[in-house]
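Morning, everyone. Please have a look at the model on the screen, and I will walk you through some of its contacts.

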Amino acid sequence: VGDRLRQQTLKTKSLTIPDFLESNFRDSKCSIRILSAFIIFACMTTYVAAQFTAAGKTFDAIFGIEHTISIPLSALIVVSYTLLGGFLAVVWTDLIQGLIMVGGLLVLSLVAFNEVGDFTELYYKTEAISSGFLSWDGGKTGSSMWGGIVGLLGIGLGYPGQPHVLTRFMAARDSKTIRDGWKISLGWGLLVYSSGILLGICGKALIPELEDPEQLFPRIAMTLLHPLIAGVVLASILAAIMSTADSQLLVAASTVVRDVYEKVFSKNLSEKQILFLSRIIIAILGIASMIFALTDVRVIFWFVLFAWSGLGASFGPAILFILYWNQTTRQGVLAGMLTGFITTLVWKISGLSEILYELPPAFLLSSLSILLVSRITQNSTTE
C-alpha cells in the first residue's frame, strides 16, 4: 500500500487522508471530508487517552504517584513538545524513541528469561500457574478458541486504515525510502514483538500474583535491573507512549484545521494562522483525552483495540478499494466508512467483542458495503 499511496497523493497533491479520499471524487458537499474528520477526532481522543493512561500506570508502578496527578503531568509533557516542534520534531523523536523502545524491551526480556532459567523451567512454572497457558490454543476450546485466533490475526487488518501510519508513507521522499522502510520495520517489529511476548510469559512465571498485568514491565525492571539501567529501560515505556501520542495529536489537528476549517468553510489561511489553529486543536484534544483517561482508568489495551478498530474498519477498506479498484464510487466510500465505524461501536457496546474482536467483522462489512453500493451507483451522474 505504501508506495502506491505515496504516488497517488503526489498526483492529487493530498496532504491528509481526508484529502486523498475526497480527491478521487467530485464531492461538492464535502461529505467524505466531514465524516473522515469526525471519525478521526473521535478515535484519536480514545487513542491518546490510552497513551496518557499508560503513562499514569507507569508513574504509579515506579513512584506510587496517583493517576490523578500522573496523567495530567504526562499530558502536559506530550502536548507541550508536540506544540513546539510539529511534524519534523515528531519524526525525529519517533526515531530516537523507537530505538529506546526496542532496546529496553530486548534487554528486559532477556534478563527476565535468564532469571527464570530456561524454556523447560519456563514451561513448567507457567503451566503450574495456568494450565494450557503456552499451548497453541491458549487453553481455550470451541468458539472461544476460534474467536481468539481470528480476532488476534484480524488486528493486522487495521494497518491500512491508520492515519498516523499512512501519513508517513505520504511524506516519504521516494520509492526507495518505502522499500528501505519496510525492511527496517520488519526487523524492528520482530525484535519488539518477540521481546514483548517473551517478557509477558516470563512475567507470568516471576510475578504470578500481579493484579494489573500492564504494570509488569516497570515492576520487573525495578526488581531485576541495576537502578541506573532500570531508569534507561523504564524510559522506553515513555518513549512508546510519546511516539504514538504525538503522531495522533498532529493527525487530529491537521484534520480539523485543514480538512474542515480551511477546506469546508473555504477559509484562506496564512501559514501563521494554520499553525496557531493547529496548536489550539492539539491543546483541546490533549485536554479532552486527559479528562477521558481520568474518568475511566481501564485496561490500556481496551482503549487501543477500540480506536485501532474504529480507524482500521472506517478507512482501511476505503483506501484499499480506491487504490486497487477504479470502479469505487463516492457513495460506496461513504457507505463503507459509516458501516465500519458503526459496526465497531455496536460490536463493542453489545459485548460481542468478548467473543470476537470487532475489527474483522467491521472490516468485512465495510468492504461489502463499498463493493455493493459502488456497483449500484456506478452510473450515477454525481460521480
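Start at Asp3, which forms a salt bridge with Arg6, and their closest N and O atoms are 3.1 Å apart. By salt bridge I mean a side-chain nitrogen of Lys or Arg within 4 Å of a carboxyl oxygen of Asp or Glu. Asp3 and Arg6 are about one helical turn apart, because they sit 3 residues apart in helix α1. Helices here are DSSP runs of H or I with at least four residues, strands are runs of E with at least two, and both are numbered from the N terminus.

Is Arg6 buried or exposed? Arg6 is buried, at 8% relative accessible area. Asp3 is partly exposed, at 21%. The cut-offs: buried is under 20% relative accessible area, exposed is over 50%, and partly exposed is in between, using a 1.4 Å probe and protein chains only.

A quick word on the source. This is a predicted model, where local features need pLDDT of at least 70 and side-chain atom pairs count only at pLDDT 80 or more, while totals for chains, interfaces and linings use all residues. Residues are numbered from 1 along each chain as its sequence is written, and side-chain values use heavy atoms, with hydrogens and water left out.

Back to the charges. How many salt bridges does a search of the whole structure find? The search finds 7. Another of them joins Asp212 to Lys57, with the closest N and O atoms 3.2 Å apart. Asp212 is in the loop between α8 (175-206) and α9 (216-224), and Lys57 is in helix α3, so this pair ties together parts 155 residues apart in sequence. Lys57 is buried at 11% relative accessibility. Asp212 is partly exposed at 21%.

Next, Glu358 and Lys348. They form a salt bridge too, and here the closest N and O atoms are 3.5 Å apart. Glu358 lies in the loop between α13 and α14 (359-377), while Lys348 is in helix α13, so the bridge ties together parts 10 residues apart in sequence. Both residues, Glu358 and Lys348, are buried. There is also a network of salt bridges, and it links Asp19, Glu22 and Arg33.

Stay with α13 and α14. How do these two helices pack? Their axes are 7 Å apart, and the packing angle is about 155 degrees. That makes α13 roughly antiparallel to α14. Axes are lines fitted to C-alpha atoms, for helices over the stretch in contact, and angles run from 0 to 180 degrees between N-to-C directions. Under 35 degrees counts as roughly parallel, over 145 as roughly antiparallel, 65 to 115 as roughly perpendicular, and the rest as oblique. The crossing of α13 and α14 is right-handed. In a right-handed crossing the near helix is turned clockwise from the far one by less than a right angle, and in a left-handed one it is turned anticlockwise.

Now α3 and α10. Helix α10 covers residues 227-262, and its axis comes within 9 Å of the axis of α3, crossing at roughly 160 degrees. So α3 is roughly antiparallel to α10. This crossing, of α3 and α10, is left-handed. Which classes of residue make the contact of α3 with α10? The contact has 21 nonpolar, 5 polar and 3 charged residues. Nonpolar means Ala, Val, Leu, Ile, Met, Phe, Trp, Tyr, Cys and Pro; charged means Asp, Glu, Lys and Arg; polar means the others, Gly among them.

On to the rings. The whole structure has 6 aromatic pairs. Rings of Phe, Tyr and Trp (its six-membered ring) pair if their centres lie within 6.5 Å; planes under 30 degrees apart are stacked, over 60 edge-to-face, and the rest tilted. Take Phe38 and Phe341: centres 5.9 Å apart, planes at 80 degrees, so this pair is edge-to-face. Phe38 is in helix α3 (residues 31-63) and Phe341 in helix α13 (residues 330-349), so the pair links distant parts of the chain, 303 residues apart. Phe341 is buried, at 12%.

Most residues other than glycine have a negative phi. Lys13 is not a glycine, yet its phi is positive, about 55 degrees. Lys13 sits in the loop between α1 (2-12) and α2 (17-23), and is exposed at 69%. Cys30 also has a positive phi of about 55 degrees. Cys30 is in the loop between α2 and α3, and is buried at 12%.
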